[in-house]
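Morning, everyone. I have a few minutes on one structure, so please look at it on the screen while I talk.

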Amino acid sequence: MTVDTPLKTTRSGHRRTRARVIPARGAGSRLWIRLAVTLLLIIEIYPLLWMFLTSLKSNSDYLNNSTWSLPTTWEWGNYADAWTTGNIGLYIKNSLLAVVPALLLILLLGTAAGFALQIMVWKGRGLTLLVFLAGMMVPPQMILLPLFTVYFQTGLSGTLWPLVLTYAGTGLPLTVFMMATYYKTVPRELFEAATIDGAGILRAFWTISVPVMRNALLTVGLVQFFFIWNDLLIALTFTNSQDLRTIQVGLLNFTGEFGATQYGPLFAAICINVFGTLVIYLFLNQKVMKGLTSGAVKG
C-alpha cells in the first residue's frame, strides 16, 4: 500500500513531483519467511542426520530398538567394516574408472558438437541438432538388450568398457543440447576476430571457445557426473561379477562377513557415498550457479 503526498508549487511556478511513500515490510512477513526456511532446512538435514546416527548402531541395536532412537553404543568401526568387509573401496574405484573416462568423452564430444552446431555455418546443422534432441527421448531400457548383445559379441563383456561407452552415448544428447544453448551466449565477434588474425577452426575451438565455456563445462560436467554416479540400471545390467560392481550396485548387494546384511556398515557405506557427493556439490555450488546463469541469459 502506498501513500501519496499532495503536490507543491515552487516560487518559479513549477510543480514538484508527487512523492510516494512505501512502508517497510512488516515483521510478520519476515517471520513467515524464516519459518519456511527453517522448515526446509529440517526437511533436508534431518534425513542426513538420521542416516549418520543409524550408521553408528550395532546390528542388534538396529533390529531391537526403535528406528528413531539414538545408538546405545557408538560403533565407529562400522565405517572400517564398510570399507574392508563391504568392499566399498573397490566399488568406489570401479565407479571412478567408469565415470571419469565417460565424463571426459561426454564433455569433449559434446563441446565440439555444440561448437559445430552454433558457431560454424554449414548446411543441415538444424536437422542435426534435432537428431541429438531426439536421442533424449529414447528410454535407456530400450537399448540395454541390443547393447548387451553387441558387447557380448565383441568381447567387451567382463570389463568396464560397456559402462564407459553406454554412459557416454546416453549422456551426449543432453550435453550437446546444453552446450549449444551456452554457445548462443558467446559473442560472435570473438571468433570473427580470431578468423581475421588467421586462426583456424581447431585453434578457435581450443584457445577461444573452451576457456570462454569454462563455467558451462563445469556445470554440465557436474550434472552428468551425478547422473552417471547414481546410475543403477545400466551398471546392474553390464556388471557380471563382484569385481566390476560400481558403488550403487555394491550398495544394492551389500553383505557382511558371512553373507548376512549388516545394517550398521550398510548405512556407513551409504553415508560415505552420499556425503562424498554432497561435499563435491557444496564445493562447486557457486560455479554451477554462474554456469546456469550464463546459459539462461543471452549476453
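**Serine 209, then the spaces**

Setting aside neighbours within four places in sequence, S209 touches F115, Y183, F191 and A204, where contact means heavy atoms within 4.5 Å. What you see is a predicted model, in which local features need pLDDT of at least 70, side-chain atom pairs count only at pLDDT 80 or more, and totals for chains, interfaces and linings use all residues. Residues are numbered from 1 along each chain as its sequence is written, and side-chain values use heavy atoms, with hydrogens and water left out.

S209 sits in helix α9, residues 201-212; helices here are DSSP runs of H or I, at least four residues, numbered from the N terminus. Is S209 buried or exposed? It counts as buried, because its relative accessibility is 1%, and buried means under 20% relative accessible area, with a 1.4 Å probe and protein chains only. A polar atom of the S209 side chain lies 2.5 Å from the backbone oxygen of F205.

Next, the core. A nonpolar core is a set of buried Ala, Val, Leu, Ile, Met, Phe, Trp, Tyr and Cys residues joined through side-chain atoms within 4.5 Å. The largest one has 51 residues, and I88, L163 and Y167 have the most contacts inside it. Helix α4 gives the most to this core, ten residues. As background, nonpolar side chains in soluble globular proteins tend to be buried together.

Keep Y167 in mind. Leaving out neighbours within four places in sequence, Y167 contacts A98, A102, I106, I228, D231, I234 and A235.

On a 1 Å grid over the protein atoms alone, a cavity is a set of points where a 1.4 Å probe fits but cannot get out, while a pocket is an open set with protein on both sides within 12 Å along at least five of seven lines; lining residues have an atom within 4 Å of a point.

The largest pocket holds about 470 Å³ of space. Its lining has 21 residues, and P140, Y167, T170, G171 and I234 lie nearest the centre. Which helix gives the most to that lining? It is α7, with eight residues.

As for cavities, the count is one of 30 Å³ or more. The largest cavity has about 50 Å³ of space, and among the residues lining it are S95, Y167, W229 and D231. Helix α4 supplies the largest share of that lining, three residues.

Conventions: Points joined across faces, edges and corners; volume = space filled by probe spheres on them. Helix = DSSP H or I, 4+ residues; strand = E, 2+ residues; numbered from the N terminus. Buried < 20%, exposed > 50% of the residue type's maximum accessible area, 1.4 Å probe, protein only. Polar contact = N/O pair within 3.5 Å; in protein donor to acceptor, adjacent residues only side chain to side chain.
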